[in-house]
Amino acid sequence: MIAPLIVQAERLADKPAVIDDRPDGTTLVWTYAELNRQANRLAHVFQALGLKPGERYVWCGPNSPGVVCAGSARAKLGATTVPLNYRLAPEEAAYIVEDSDAVLVYVDAEHAETFARIRASIPRVRHVVVFGGAPLPGMLDGDALVAKASDAEPPPAPLDYP
């Protein structure tokens with residue numbers, strides 16, 4: 001199955017897909033082609049961290065290019081995303097992460113502290129990957145990993161994953 005983003009990246013390559021007006025007054029614009037490349041990079045990072053088709057990962061953070069990228073990478077991997085409200089109390093977040101069987105967390109740096117506080121309560125989670133800022137101790141720098149990753153299309157997920 002061809003992911004819809006791949007089709008859009010070919011059809012509308014130079015058209016804006018993501019526009020992020022930032023608090024500092026700058027604007028980030030990703031075309032469909034750039035969003036696809038960023039999603040490919042993130043998918044390669046998740047694969048390198050051992051995320052397999054059918055597994056679940058949590059993304060947590062306010063609307064941002066990182067969150068859009070996380071959803072787009074999901075389709076390329078055959079994984080399942082678990083969106084987590086960043087306004088939850090740490091105990092609520094821990095319950096949802098653990099109950100969902102998530103094995104990876106992709107979190108905006110602004111909310112990484114929550115995962116530092118609950119880390120012992122989410123033993124199935126193999127990695128906490130932070131985007132949009134510096135990671136806390138024991139967490140991975142998602143921005144640095146994405147910057148080094150390939151932007152080539154990852155192999156398609158098998159159609160019969162669990």
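Contact means that heavy atoms lie within 4.5 Å. The legends below describe a predicted model, in which local features need pLDDT of at least 70, side-chain atom pairs count only at pLDDT 80 or more, and totals for chains, interfaces and linings use all residues. Residues are numbered from 1 along each chain as its sequence is written, and side-chain values use heavy atoms, with hydrogens and water left out.

**View 1. Ser100 and its surroundings.** Ser100 sits in the loop between α4 (90-99) and β5 (104-108); helices (H or I, at least four residues) and strands (E, at least two) are DSSP runs, numbered from the N terminus. Apart from its neighbours within four places in sequence, Ser100 is in contact with Arg56, Val58 and Val82. Ser100 has a relative accessible area of 14% and is therefore buried (under 20%; exposed is over 50%, partly exposed in between; 1.4 Å probe, protein chains only).

**View 2. Ser100, Val97 and Glu55.** The Ser100 side chain reaches the backbone oxygen of Val97 at 2.9 Å. From C-alpha to C-alpha, Ser100 and Glu55 are 9.9 Å apart in space, and 45 residues separate them in sequence.

**View 3. The aromatic pair of Phe46 and Tyr106.** Rings of Phe, Tyr and Trp (its six-membered ring) pair if their centres lie within 6.5 Å; planes under 30 degrees apart are stacked, over 60 edge-to-face, and the rest tilted. The count by this rule is three aromatic pairs. One of them, Phe46 with Tyr106, is edge-to-face, at 5.5 Å centre to centre and 85° between the planes. Phe46 belongs to helix α2 (residues 32-48) and Tyr106 to strand β5, so the pair ties together parts 60 residues apart in sequence. Phe46 and Tyr106 are both buried.

**View 4. The ring cluster.** Phe46, Tyr57, Tyr106 and Phe131 are linked into a cluster by ring pairs.

Technical notes: A polar contact is a pair of N or O atoms within 3.5 Å; within protein, one must be able to donate a hydrogen and the other to accept it, and residues adjacent in sequence count only if both atoms are side-chain atoms.
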